[in-house]
Amino acid sequence: MQHVTIPQDRIGVLIGEGGETMREIEEQAEVRLDIDSETGAVKVESVGDPVTALKGPDIVKAIGRGFHPEDALTLLDGELRLFDLIDIDEVARNKKDLKRIKGRLIGENGRTRELMEELSGASVAIYGSTFGMIGEPQQVEAAREAAEMIIEGAPHGSVYSFLERKHNEMKHKGMEYHQYTG
């Protein structure tokens, strides 16, 4: 059994209308969730395949960090899919700096966040003082590097160029992998 704590304002999202989301997570991840709506504490207990159940806590954490349940459940789509988190609060000097960094990560009308998702292939969520990513290892790595560049103050144009280069590399590797040799 593992314990995860999520923000109270995300408990409703985790449970879903009439408990629908919670039941879907329990069924697909082969876990049982015991949610304390007062504290945000969630017990995640394996009730089926232990390997599948290992993704249960990450699904709960991802929903707690702002991901839509559908995106969080993609963690079950393959052995290599992973959830990663950057705590922006650790690098921000104060609340004003945190707000500035979050603004840079989101971009005007959400454009930077959109481009990060589009070019890296990872799902991205900015919630509270965290920047979360879900995807294959190379997708998450590209999104993480781009986010770190933005956090360190790199110009957005440089970050977009970096992401386009990574996108092309991943696309090229994917094409080589499926190349017809006959």
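I take a nonpolar core to be a set of buried Ala, Val, Leu, Ile, Met, Phe, Trp, Tyr and Cys residues joined through side-chain atoms within 4.5 Å. Buried stands for under 20% relative accessible area, exposed for over 50%, and partly exposed for what falls in between (1.4 Å probe, protein chains only).

I note that this is a predicted model, in which local features need pLDDT of at least 70 and side-chain atom pairs count only at pLDDT 80 or more, while totals for chains, interfaces and linings use all residues. Residues are numbered from 1 along each chain as its sequence is written, and side-chain values use heavy atoms, with hydrogens and water left out.

**Entry 1: nonpolar cores**

I looked up the largest nonpolar core and found 24 residues in it. Leu105, Met116, Phe131, Met133 and Leu163 have the most contacts inside this core. I then listed the elements that give two or more residues to it: α6, α7 (111–120), β5 (123–127), β6 (130–135), α8 (137–151) and α9 (156–177). Helices (H or I, at least four residues) and strands (E, at least two) are DSSP runs, numbered from the N terminus. The most is given by α8, with six residues.

I recorded another core, which lies apart from the largest one and has 23 residues, among them Ala53, Ile59, Phe67 and Ala72.

For leucine 163, I looked up the contacts (heavy atoms within 4.5 Å). Leaving aside residues up to four places away in sequence, leucine 163 touches Leu115, Met116, Leu119, Ser120, Ala142 and Ala146.

**Entry 2: salt bridges**

I searched the whole structure for salt bridges (a side-chain nitrogen of Lys or Arg within 4 Å of a carboxyl oxygen of Asp or Glu). The search finds 10.

One of them joins glutamate 45 to arginine 32, with the closest N and O atoms 3.0 Å apart. Glutamate 45 lies in strand β3 (residues 41–46) and arginine 32 in strand β2 (residues 31–36), so this pair ties together parts that are 13 residues apart in sequence. Glutamate 45 is partly exposed at 28% relative accessibility, and arginine 32 is partly exposed at 42%.

I next examined aspartate 97, which is buried at 5% relative accessibility. Aspartate 97 forms a salt bridge with arginine 100, the closest N and O atoms being 2.7 Å apart. These two residues are three apart in helix α6 (residues 95–106), which means a separation of about one helical turn. Arginine 100 is partly exposed, at 40%. Aspartate 97 also pairs with arginine 93, at 3.7 Å between the closest N and O atoms; arginine 93 is exposed, at 70%.

Finally, I noted that a network of salt bridges links Asp84, Arg144 and Glu148.
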